[in-house]
Amino acid sequence: PSPEELCHYLGCIENGQDCGPGLPGDNGVGTFGGSEDHTAIMLCEPNQLRQYSFCPTALEAVIPFPSSEWVMLIAVSGATAQKGAERLKDYNDAAMLARHAAQAANNDTPATLASVVRRVASDLSVSPFDKKVREAIKTSIAAKDDGTYKDDDAPKGSLVRRFEQFFEESEVLVPKVGTAFNTTDGPALGLLVCRSQELTETHLRNTLEETEWLPAEARRLGCLAASAFGAGFGGSVWAIAGVKEAGTLLKRWEEAYAKAYPDRSEQARFFAMASPGPGARSVG
């Protein structure tokens with residue numbers, strides 16, 4: 001019925017989950033992913049940053065990309081994640097920890113962390129990003145986070161850690177990053193994205209050495225902000241640079257990576273994207 005629902009359906013093809021009452025799921029490819037990639041590929045628009053929420057997929061904000069001032073630089077690390085092979089459990093752990101954390105906070109009944117956040121915020125009559133919401137949910141999860149909840153083999157404290165990353169990323173950082181792009185506030189953007197990258201490394205734990213090194217090096221060289229992106233355990237990094245410095249920074253970034261990781265240089269790719277492009281289209 002809508003582009004957002006189409007993206008949700010495409011995600012269900014991959015993860016095998018039910019897509020509404022009329023489309024029961026199957027095994028999929030065994031990867032418990034969402035529809036974030038599908039939404040980005042299908043629904044992006046030229047010269048825009050588009051902010052979505054998920055479960056269900058909904059457009060929250062449209063932000064013009066400041067292409068007269070900033071350029072997006074992309075580093076493809078050359079480290080390829082095998083989602084259907086040796087990294088399958090690592091991928092699924094992030095999704096399952098979120099699912100179990102939500103159930104633990106929702107009286108052991110199925111839910112999403114997003115829905116739990118909104119329910120608790122409503123119960124407390126405060127905004128979803130209020131610290132009271134965070135502490136209330138954290139307390140509920142911690143009471144069951146002994147390493148055995150739902151027969152999960154994750155260590156004690158894993159559910160709380162997963163929730164903390166989700167809450168800060170979704171409720172605090174994402175809205176503020178949108179504002180920083182909207183106001184072209186480079187210093188604020190840098191601090192926010194650094195925090196997001198830090199949480200990815202310490203809490204979500206889906207990075208590799210390469211996708212931790214690349215953002216840190218981009219910032220050291222002078223980029224305004226940099227972060228790994230994608231589902232992790234491989235993948236790429238984006239960085240923001242000023243228009244005048246972008247070319248030089250991109251070259252220095254690529255040279256530094258080739259020196260630090262010579263075994264990745266053949267597969268690695270570095271390029272500049274002056275502004276976001278359109279979504280996927282059918283070409284006749």
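Trainee: Before I start, what should I know about the numbering and the kind of model?
Mentor: Residues are numbered from 1 along each chain as its sequence is written, and side-chain values use heavy atoms, with hydrogens and water left out. This is a predicted model, in which local features need pLDDT of at least 70 and side-chain atom pairs count only at pLDDT 80 or more, while totals for chains, interfaces and linings use all residues.

Trainee: Which strands form the open sheet, and in what order?
Mentor: The open sheet has 4 strands in the order E4-E5-E3-E6, with antiparallel pairing. Strands (E, at least two residues) and helices (H or I, at least four residues) are DSSP runs numbered from the N terminus, and two strands pair if DSSP finds at least two bridges between them.

Trainee: Which are the edge strands?
Mentor: They are strand E4 (225–229) and strand E6 (269–273), each of which pairs on one side only. Neighbouring strands of this sheet are turned by 20 degrees against each other on average, direction ignored.

Trainee: How many bridges join E3 and E6?
Mentor: Strand E3 (residues 70–76) and E6 pair in the antiparallel sense over 5 bridges. Met72 stands opposite Met273 in E6.

Trainee: Which helix packs on that sheet?
Mentor: Helix H8 (residues 209–221) does, touching E3, E4, strand E5 (236–242) and E6. Contact means heavy atoms within 4.5 Å. The direction of H8 makes about 165 degrees with that of E4; axes are lines fitted to C-alpha atoms, for helices over the stretch in contact, and angles run from 0 to 180 degrees between N-to-C directions.

Trainee: Take Ile74 in strand E3. Buried or exposed?
Mentor: Ile74 is buried, because its relative accessible area is 8%. Buried means under 20% relative accessible area, exposed over 50%, and partly exposed in between (1.4 Å probe, protein chains only).

Trainee: What does Ile74 touch?
Mentor: Leaving aside residues up to four places away in sequence, Ile74 touches Val237, Trp238, Trp253, Arg269, Phe270 and Phe271. Ile74 and Ile240 are 166 residues apart in sequence, and their C-alpha atoms are 9.0 Å apart in space.

Trainee: Now E1 and E2. How do they pair?
Mentor: Strand E1 (residues 48–53) and strand E2 (residues 58–64) pair in the antiparallel sense over 6 bridges. Leu49 has Ile63 in E2 as its bridge partner. The hairpin has 4 residues between the strands, and Cys55 takes a positive phi near 60 degrees there.

Trainee: And Gln51, buried or exposed?
Mentor: Gln51 lies in strand E1 and counts as buried, because its relative accessibility is 16%. Its contacts, not counting residues up to four places away in sequence, are Ala58, Leu59, Glu60, Ala61, Val174 and Pro175.

Trainee: On to charges. How many salt bridges are there in the whole structure?
Mentor: A search finds 9 salt bridges. A salt bridge is a side-chain nitrogen of Lys or Arg within 4 Å of a carboxyl oxygen of Asp or Glu. One of them joins Lys144 and Asp108, with the closest N and O atoms 2.9 Å apart.

Trainee: Why does that pair tie together separate parts of the sequence?
Mentor: Lys144 lies in the loop between helix H5 (131–142) and helix H6 (158–182), and Asp108 in the loop between helix H3 (88–105) and helix H4 (113–124), so the pair ties together parts 36 residues apart in sequence. Lys144 is partly exposed at 25% relative accessible area, and Asp108 is partly exposed at 38%.

Trainee: What about Arg220 and Glu217?
Mentor: Their side chains meet in a salt bridge (2.8 Å, N to O). Arg220 and Glu217 are separated by about one helical turn, because they are 3 residues apart in helix H8. Arg220 is exposed at 59% relative accessible area, whereas Glu217 is buried at 9%.

Trainee: Last topic: which residues form the nonpolar surface patch?
Mentor: Leu6, Tyr9, Ile13 and Leu23 do, with about 360 Å² of accessible area together. Accessible areas come from the Shrake-Rupley method with a 1.4 Å probe, and for residues only the protein chains shown count as cover. Patches are made of residues with over 30% relative accessible area and no salt bridge, with like charges joined within 9 Å and nonpolar side chains (Val, Leu, Ile, Met, Phe, Trp, Tyr) within 5 Å. Ile13 is in helix H1 (residues 3–15) and counts as partly exposed at 48% relative accessibility.
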